[in-house]
Amino acid sequence: MTGPPTAAPFVTGLEQPKARSTETIMARLRQEHVMVMREMVARDVPVRQVARDLGVDESTLRYHLARADAAPDGRRDRKSVVEGWEARIAAVLARFADPRVGGEAMDRVEASVVHGVLRREFGFAGSYPSVRRYLERAFPASAVRAVRRVETPAGVQAPAGVQAPHDWFDVGVRIGGARQPLHGLIGTLSHSRARFVWMSPLMPQLAWQSGHVALFTRYGGVPWWVRIDKLSTAVASGAGPTAVLTPAFATVAKTCGFAVDPCRRATGSDKGKAERAVRTARVDFADLFVHDWPDLPTLQAALDERSAEWHATRRCPITGSLIAEAFAQEQRLLQPVPTLHERFDCVVARRVSRDGLVSVEGRRYTVPFVWVGRTVDVRGTAQHVVVWADGREIARHARRTAARLVIDDAHFCGASTSAVLAPTPLGRRAQEQLATTVLERFPAPSTVVRPMAPYAHLIDALAGAAS
């Protein structure tokens, strides 16, 4: 026969009871356990069953029940050792310009600092907890403002279209064996969480504009809104709704067809997705940033590949599908990327010298030798120095490098023309001297070391003659 049914335990939001052990019996009950057990006992559930359901010893349960019903011991009514020291505590807070007494400091002074000054300078004999409790009573914490969680929809039309927060972050990466600081412009489509990073050695106005166009290309379209921080390259004055954009960035926004939504000053919650994306990027791309890369384009290709892997393995919190699937749906709502030439902030005309060099920004760059004696256009883009002639690009070099003379050996190769004869080819010794590695400069060991077979045969012959 089965026993009489027992009352269902009133346990809400707690873990299922486990088998009792020494650790669970001796463990201190949490406040929520005390509240639940009092409610269960009030509902006429036997104390023994309550103890069994909560996984504690019955004596422990009865102790807490008796303690809860006990009368106060009067300790709260006792006189505090801090009474009479209020003026001196206020003087200490004023010395440190604490905001609780009208100062302008951003942070409150720690209670341990106040206690230390009182003890050393005024002979205060009270404890640190007594000072801390007094400060908590006299200067209660200010009210905490709740933060509204906003999830932008995929959008069906402007102005309720797709939004993308953009922000910079800094990281040190080894490029060509030398560690150098780089700046990453990270962009996240707010709905699908599709995320991309564009790297730049500098972040002037030109890099800001070029980075936006690069992110739009990776999005496969232009979002209706771009959320930005108060950056000097984007905001000329003001912040938030009253911000005034720089003329250059306003022109880019008008050309591409997106509206700019600047954040308010010192309000990180305005672009929480961008801030979180920066923290996530340092984790998801951390192994790429510690690798030694031959050049910046190779690093950029690895970042793009990692973004694709990230989209194919993680889920969009709004749709529940993979980010890649939500991204594909969101791309249909993006505006087409306009056809834009690579933006540049410097353009000069230069005559190519006899050794195939053009000078700009304190550096000299090579161009194909067939242009010797002719005038070419040299443009400075966000990352490159681009040489144009006859309406086409004829040379491209990294911009603002440490080297003052940038040479591409391929520019000295090729056939002669009617106006310019090809340079004299390099001889064998010149090629060995200009070799970039030791293996190219010297023969391999297998071609230098003599074979051992003749020496072994000679030794055997000498040994036979001696015998």
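What volume does the largest pocket have? It comes to about 840 Å³, in a predicted model where local features need pLDDT of at least 70, side-chain atom pairs count only at pLDDT 80 or more, and totals for chains, interfaces and linings use all residues. Residues are numbered from 1 along each chain as its sequence is written, and side-chain values use heavy atoms, with hydrogens and water left out. Here is a friendly tour, starting with the whole chain.

**The chain as a whole**

- The protein chain has 17 helices and 15 strands; these are DSSP runs numbered from the N terminus, with helices being H or I of at least four residues and strands E of at least two.
- Of the 467 residues in the protein chain, 36% are buried (under 20% relative accessible area, with exposed being over 50% and partly exposed in between, for a 1.4 Å probe and protein chains only).
- Among contacts in the protein chain with a separation of 6 or more, 57% are between residues 24 or more positions apart; a contact means heavy atoms within 4.5 Å.

**The largest pocket**

- A pocket here is an open set of points on a 1 Å grid over the protein atoms alone, with protein on both sides within 12 Å along at least five of seven lines, whereas a cavity is a set where a 1.4 Å probe fits but cannot get out.
- Grid points are joined across faces, edges and corners, and the volume is the space filled by probe spheres set on the points.
- The largest pocket is lined by 28 residues (lining residues have an atom within 4 Å of a point), and Pro201, Leu296, Gln383, Ala398 and Arg399 lie nearest its centre.
- Two or more lining residues come from each of β2 (178–188), α8 (205–219), α12 (296–313) and β14 (392–398).
- The most is given by α8, with three residues.
- The lining splits into 14 nonpolar, eight polar and six charged residues, where Ala, Val, Leu, Ile, Met, Phe, Trp, Tyr, Cys and Pro count as nonpolar, Asp, Glu, Lys and Arg as charged, and the others, Gly among them, as polar.

**Helices α5 and α6**

- Helix α5 (residues 86–95) packs on helix α6 (residues 111–122) at an angle of about 115°, and the axes are 10 Å apart; axes are lines fitted to C-alpha atoms over the stretch in contact, and angles run from 0 to 180 degrees between N-to-C directions.
- From α5, the contact uses Arg88, Ile89, Val92, Leu93 and Arg95, while α6 brings Val114, Val117, Leu118, Glu121 and Phe122.
- Seven of these contact residues are nonpolar, none is polar and three are charged.
- Histidine 115 also sits in α6, and it counts as buried because its relative accessibility is 13%.
- Beyond its neighbours within four places in sequence, histidine 115 touches Phe124, Gly126, Ser127, Tyr128 and Val131.

- Glycine 177 lies in the loop between β1 (163–175) and β2, and its relative accessible area of 31% makes it partly exposed.
- The C-alpha atoms of glycine 177 and histidine 291 are 9.8 Å apart, although 114 residues separate them along the chain.
- Glutamate 361 is not a glycine, yet it has a positive phi of about 55°; it belongs to the loop between β10 (357–360) and β11 (363–366) and is partly exposed at 33%.
- Arginine 400, not a glycine either, has a positive phi of about 55°; its place is the loop between β14 and β15 (405–406), and it is partly exposed at 35%.
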